[in-house]
Amino acid sequence: MTQGERRTPARRTVLGAAGAAAVLGASTALPTGTAHADEARGDSRGHGHGYRSLPVPTVIAHRGASGYRPEHTLGSYRHALDLGAHVIEQDLVPTRDGHLVCRHENDITGTTDVADHPEFASRKTTKSVDGTSYTGWFTEDFTLAELKTLRAKERIPGTRQENTLYDGRWTIPTFEEVLRWAEEEGRRRGRDVWLHVETKHPTYFRSLGLGLEERLAKLLRRYGRHRANSPVFLQSFEPSSIQRLAKLVDSPGVVLLSAASSRPWDFVQAGDPRTVADLVTPEGLRWIASYAQGIGPTLDLVIPKDAAGRLGTPTTLVRDAHAEGLLLHPYTHRNENSFLPADFRRGTDPTAYGDAFGALKRYLETGIDGIFSDNPDTALLAAADLTAARG
């Protein structure tokens, strides 16, 4: 299947998102926190504001609608809302002058046109970030004013060639701009715009005098998103970042979990021998629940793959996390063959869409509370299928 042929399933999922919204309550005509809205959402846990009032499964737009627009742009965030996503994700890194901006990494080589700016050629350098060497341009070497002269572009153009149509349309947004945008969109759409905000490489940035948590907490308080029922999740791969945030604000925290054999970077720096495998035991989950409200595991921790890359038998992680009162927001669903389990790939083109609905069905049936998706319309339809099947 060629890139052009991908337009048919993509358009089908976009058109179908309206139907999913009707089932899941993503319609912008319904305000949150009312009995009518809760009823329309389907499987909603609790009433009123707060994360327990979100639809289950919750669809989190991963870096916005990054399957269709360059990631972490206002265009990507807005498109995700238009598709009906329940929550929009931001990743935060700092500028040299201490502003928080939305980029998945501080290395902006692949997501901006910085290489086309001769005035910044001397900024290219090699750095070690969390033990890995990178060569490129980094946000912490630019002021906000300098970053604003750059334009965002598609991160994986070989896979998402159609997204390159939007290269250069948007700048790098600051998190404060996103907070203002969320307020405006919330008023226009008549509902809260939920955000899922990640602190990236917090130990690394603290070592540079650019601590993320205090800056983030200050903005959350300024825009009224610092309370336990505020429409925001705070997430990090470093547990100590969530612990630090829990002392600054009451917003719900989520500990992100990578491969079972990996160690959070703050653990490495502190000499803590625990791995992610230790954190997903009942004892580890109980420790996380002492300061956080959820976990964001890689999907492989929910359903591992065999040697051939096919989905195997689900682990007990969902049951064990729920036993500690933790919600689960695993990552990341994408439609393309190259990102799907082997048993759900279709054809030989890695950039073509595979059986994304089949894979989503397997993941959602485990009882996870939500899922990060680059293609939120597809995830919404799969969630609607699950809600309908449950009757």
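Let's start with Glu-105: at 23% relative accessibility, this residue counts as partly exposed, because that label covers the range between buried (under 20% relative accessible area) and exposed (over 50%), taken with a 1.4 Å probe on protein chains only. What we're looking at is a predicted model, where local features need pLDDT of at least 70 and side-chain atom pairs count only at pLDDT 80 or more, while totals for chains, interfaces and linings use all residues. Residues are numbered from 1 along each chain as its sequence is written, and side-chain values use heavy atoms, with hydrogens and water left out.

So who does Glu-105 team up with? Its side chain meets that of Lys-200 in a salt bridge, 3.7 Å from N to O. The term here means a side-chain nitrogen of Lys or Arg within 4 Å of a carboxyl oxygen of Asp or Glu. This pair links distant parts of the chain, 95 residues apart: Glu-105 sits in the loop between strands S3 (100-102) and S4 (125-129), and Lys-200 in the loop between strand S6 (194-199) and helix H6 (202-207). Helices (H or I, at least four residues) and strands (E, at least two) are DSSP runs, numbered from the N terminus. Lys-200 counts as buried, at 5% relative accessibility.

That's one of 27 salt bridges in the structure. Another joins Arg-334 to Asp-374, at 2.8 Å from N to O. Arg-334 lies in the loop between strand S10 (327-328) and helix H14 (356-364), and Asp-374 in the loop between strand S11 (370-373) and helix H15 (376-389), so the bridge ties together parts that are 40 residues apart in sequence. Both ends are tucked away: Arg-334 is buried at 13% relative accessibility, and Asp-374 is buried with a relative accessible area of 1%.

Now for a helix. Arg-189 and Glu-185 both lie in H5 (residues 175-189), four residues apart, or about one turn of the helix. Their side chains form a salt bridge at 2.6 Å, N to O, and both residues are buried.

Finally, take a look at strand S1 (residues 58-61). In a regular strand the side chains alternate between the two faces of the sheet. In S1 both faces are covered, with Thr-58 and Ile-60 buried on one side and Val-59 and Ala-61 buried on the other. S1 pairs with S11 in the parallel sense over four bridges, where pairing takes at least two DSSP bridges between the strands. Val-59 has Ile-371 as its bridge partner in S11. S1 also runs parallel to strand S2 (residues 87-94), joined by two bridges, and here Ile-60 stands opposite Val-87.
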